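Here are some comments for a colleague on the model shown below. They are set out as numbered points, to be read beside the coordinates.

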There are 2 protein chains.
Amino acid sequence: MNIPLTSHPRVVIIGGGFAGLSLAKKLARQELQVVLLDRHNYHTFQPLLYQVSTGGLEPDSIAYPIRKVLKDFPNFFFRLANVETIEPEAKTILTDIGSLKYDHLVIATGSKTNFFGNASIKANSMVMKTIPQSLNLRSLILQNFEQALLKSDLNERNALMNFVIVGAGPTGVELAGALAEIKKGILPKDYPDLDIRQMQINLVQASDRVLPAMSEVSSRKAEIFLERLGVDVWKDVRVTNYDGETVTTETDLCFKTATLIWTAGVEGATIKGVDSKELLVKGNRIRVDRFNQVEGLENIYAIGDIAWMEEEKFPHGHPMMAQPAIQQGKHLGENLIRLTNGKKMKPFSYHDKGSMATVGRNKAVVDLPRFRFQGVFAWFVWMFVHLFFLIGFRNRVVVFINWVYNYIRFDREARLIIRPYKKKEVAEAAEVKNV
Amino acid sequence: MNIPLTSHPRVVIIGGGFAGLSLAKKLARQELQVVLLDRHNYHTFQPLLYQVSTGGLEPDSIAYPIRKVLKDFPNFFFRLANVETIEPEAKTILTDIGSLKYDHLVIATGSKTNFFGNASIKANSMVMKTIPQSLNLRSLILQNFEQALLKSDLNERNALMNFVIVGAGPTGVELAGALAEIKKGILPKDYPDLDIRQMQINLVQASDRVLPAMSEVSSRKAEIFLERLGVDVWKDVRVTNYDGETVTTETDLCFKTATLIWTAGVEGATIKGVDSKELLVKGNRIRVDRFNQVEGLENIYAIGDIAWMEEEKFPHGHPMMAQPAIQQGKHLGENLIRLTNGKKMKPFSYHDKGSMATVGRNKAVVDLPRFRFQGVFAWFVWMFVHLFFLIGFRNRVVVFINWVYNYIRFDREARLIIRPYKKKEVAEAAEVKNV
C-alpha cells in the first residue's frame, strides 16, 4: 500500500465506525501519521439502520463519507480495504490492497451478527448490521407484499405477511415498532386488495423481558407500547432453527414465515493473527487492559464493540453500543498523544450516559443514570439525541425533514425496491465480514 | 394474474413512466378498471438521474412509489411485473406473474439504450436509464479514484481518471458538467494524495454540435460552458468501439479509459407480439395514428418515447422526452373517457413548451418557443421547472435542501459506495429491458 513514509509514527486504525472515527478526529494535527482503513467509504450511523429497512430514510442520511471527515487533516490517509491478517511480530497488516507497516495499530472493527453456530438460520435469515443489509431487508419486505398479492393459497400468503424478529434488544424492538406503524399507516392504502389485518409481527426473546439491558420499568413500558401497536411479544422463547419456511423453538411454538430477521446477538469482528483463544473472551471480543492495549501484544489496541475491558462497575465489559466506542476512541486518542509527548497514559473509565429505545410515534423509553421516563417526552429526547449524534449538518436537516414529514403524514416515502432482493444472496451477505 | 373481473372495461397500462402515470391519473374515478404494470414499484424522474450518478441526490428524491400515486383511486390495480408477450388476437398479455385479458391496452414502455448493434460497447460501457444503473455509475466513479490511489503505473492511473462520455444530448452534457464540478470542488480535497488535475472528462459527439436537438445558440453557449468547466468536447467524432480499455473512433483519435458512459442513443423498448417490422419505424418506435392507436391493431395504443406519431410540424415523430409523454398520456386519457361515453376521439397535437439543459452551477441553456436565454437566469428556471415537475411534496423539499446545500458548500454528500460495482454486472444490466 503506497502510504508515504514520514518521520512521524504511523497509527493504523482498522474500521471507521464510532470508535475509529472519534479516535481519528482526536489525532488531528498531531505529530502522527494516521491511516484509516475501512471496507466501506462511509461511516454508518447504525442506530438508525432500522429506519432504512422500513423506508423512512435513505442511506445518505445516515451514512457519511469518511474522506469528508478526514479532509481537513494533513497527514491523514484513508484506504478502502479489507484487512485480512495482522502480523504482530512484523508490525504489519495484510490487506486485499497490499501490506502496511504500523507503529501503533488500533483494531476498531466492531461487531458482526452472531448466529451461535446455526448455519441454517445464518443461510435463511435477514440481518441488519450494514446499509446494504438494511436495503436488502427493505426490498424483501416490499417484495413480500407484492408476492402475497399473487398467492391464492392462504398459508403461503400469510407466511409472506408474517414477520418474525428474533431478539428484543433495541434493534429488534425498534424494527418491530416500525413494522407495526407501516402496517397501520401505509400498507392498507398501498395494498387495498390485500387483507393487511392478516399481517403479523412477532418479536421473540429468549429471556424474560424485552430490552434486557435497560431498566425493568423501561422493559415493561416498551412491551406495553409494542402490544398497543399490535406486535406479538414472545418472552422466554428460544428459537432453535429456521429452514426458510418454519421457525422452530424450544417450546412447541412455531412460526410459518417467509422472513426471519435475526437481531439476537452480535460477536466481535476478529481478524486473523489477533484471534487466538488466549486473546479472546466470550463473544469473540478482544481482552484489553484499561489503556485499551491488547494484553500480551505490543502497540496493538482495541476499541469499541470488539474490545472487552473489565472495570469494577462493568465486570462483563462495556455494553456493545455507540457510547463506549466514542469514549474509548477519544480516550485512546488522548493516550496516544500523551505517549508521543513522553507522558504516561491514563486508564479509561466509562461514563454511562444512559440508554434509550424508541418503539413508535410518541413512544420511547429513556434510562438516564439518575432517572427514567417513557412516552412522548422520551420520544422527543430520543429524536433530539439521535439528530445530535448524526454526523454532518446536511444529514441532520434531511433526517429532520423526513421525520417531520413522516410524523405529519403518517408516511414513509422511501418504500422503493431499488434492487430486488434474491434469496441466494443471503448466505453471501452473511459471509461478508463486518469490518 | 388475479385482478377481479368487473363490469367496467379494463385498461391495462404497461409502464409507470411519465406517459403511463399521466394517463393513469386522468382515468381516476371513471367507469374503468385500470391495471398498471411496471417492473419497478416506483416512478423514476429520469431527468435527474445524472445527479444520482454524481452523488448529488439519493434515489428516493427522484423516485416515487407508484402505489402512492394510485392509492386514492378505487378500481386501480398495480402489479410489479415484466410483460413478456402481447397477444392482440386474444386480447391478452403474458407476464412473469401470469396472463391478463384487456379491453384497452396501452404500451408506455419508454425507451432503452441503443448500442446500434455494437456488442463490445454494450458489454463494456455504463448507461444511465434507470436508478440501479445510475447507482452503479456512482459506485464506479468513486471506485476508480480509490483504485487510482493504488496504481504506481501512470497509464493505469490516468485510465482510471479518464471519463469518456459518448453522446452530447442533455444527459451527456449534464453528466459531463457534473463530473467537472466534482473535479473542481470535491476530489482534490477527498484525494489529496492524487493529482486530480490529471482527471479528464471527454465528451464525444458524432454530429457537429452539442445538444443537437436545441437551438444553435444554446449549443454554442453550452459548449462554451463545458469548456470553461474543463470538459474536452469532441465534435464530428463517431465512436467505433470500446474493448474495456481503449475507445476507438472513425478518426485517429482514441482514448485510454476505464470508464465509457454511453448516452449516444435510445430506442423503443418493444414487447414481443407488437414488434413486427410493419409496426415499427426507425429506432424501434411503434407507429401510431393521431389517436395514439397502433396502426392495424384494435384497442392497442402506444404513448411516450415508444410511440412514433407524425404531425405536420413533427414529420419524424415527437422528441423522446418527458413533455410529449405527459401530454400524450393526458390526451389518451381524455380520449378513452370520450370513448366510454360514446363520443368521438380527438386527434393529438403536441404543444412544444421548449427544452432546457444545465451544464453546471449558474450555467444552463433554455429554448422557449419564442425566446432563448442562457446563464444564471436559465439555471434558476431549470431548477424551478425540475422541482415543479418532481412528484411529491417531500421529494421537492429534499431535493431543494440538497441543492441549496450543494450550492453553498460546493459539495455532494451522497458520494457513497453502497454497493460496489463489479464489471461483470454490466452485460447483465444492459440486458434488462427498460419497461
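1. Helices here are DSSP runs of H or I with at least four residues and strands are DSSP runs of E with at least two, both numbered from the N terminus. This is a predicted model, in which local features need pLDDT of at least 70, side-chain atom pairs count only at pLDDT 80 or more, and totals for chains, interfaces and linings use all residues. Residues are numbered from 1 along each chain as its sequence is written, chains are lettered from A and ligands numbered from 1 in the order in which they are written, and side-chain values use heavy atoms, with hydrogens and water left out.

2. The record assigns "domain: FAD/NAD(P)-binding" to residues 10-329 of chain A, a span that is 30% helix and 27% strand in the model, with its end C-alpha atoms 17 Å apart. The record also places a "transmembrane region" at residues 376-393 of chain A. In the model that stretch is 83% helix and 0% strand, and 25 Å separate its end C-alpha atoms.

3. How is chain B related to chain A? With copies superposed by least squares on the C-alpha atoms of residues with pLDDT of at least 70 in both, a rotation of 180° with 0.0 Å of shift along its axis brings chain B onto chain A at an RMSD of 0.0 Å. The two copies are therefore related as by a two-fold rotation axis. Of the interface residues of chain B, 100% are also interface residues in chain A, so the copies meet through the same surface.

4. For burial, the classes are buried under 20% relative accessible area, exposed over 50% and partly exposed in between (1.4 Å probe, protein chains only). R287(A) is partly exposed because its relative accessible area is 30%, and E310(A) is partly exposed as well, at 41%.

5. In chain B, the side chains of R415(B) and D411(B) meet in a salt bridge at 2.8 Å, N to O, and both residues are buried. R415(B) and D411(B) also belong to a network of salt bridges that links them with D60(A), K68(A), R394(A), D190(B) and E413(B).

6. L260(B), in strand β17 (residues 259-262) of chain B, has 0% relative accessibility and so counts as buried. With contact meaning heavy atoms within 4.5 Å, and leaving aside residues up to four places away in sequence, L260(B) touches I121(B), S125(B), M126(B), V164(B), V166(B), Y242(B) and V247(B).

7. On the surface, F400(A), V404(A), Y407(A) and I408(A) form a nonpolar patch with about 370 Å² of accessible area together. Y407(A) belongs to helix α13 (residues 393-409) of chain A and is partly exposed, at 32% relative accessibility. Patches are made of residues with over 30% relative accessible area and no salt bridge, like charges being joined within 9 Å and nonpolar side chains (Val, Leu, Ile, Met, Phe, Trp, Tyr) within 5 Å. Accessible areas come from the Shrake-Rupley method with a 1.4 Å probe, and for residues only the protein chains shown count as cover.

8. Backbone angles deserve a remark. Most residues other than glycine have a negative phi. N75(A), which is not a glycine, has a positive phi of about 70°; N75(A) sits in the loop between α4 (66-70) and β5 (76-80) of chain A and is partly exposed, at 23% relative accessibility. K91(A), also not a glycine, has a positive phi of about 50°, lies in the loop between β6 (83-87) and β7 (92-95) of chain A, and is partly exposed, with a relative accessible area of 28%.

Definitions and conventions
UniProt positions are given in the numbering used here, feature names are shortened, and annotations may be inferred rather than shown by experiment. A salt bridge is a side-chain nitrogen of Lys or Arg within 4 Å of a carboxyl oxygen of Asp or Glu.
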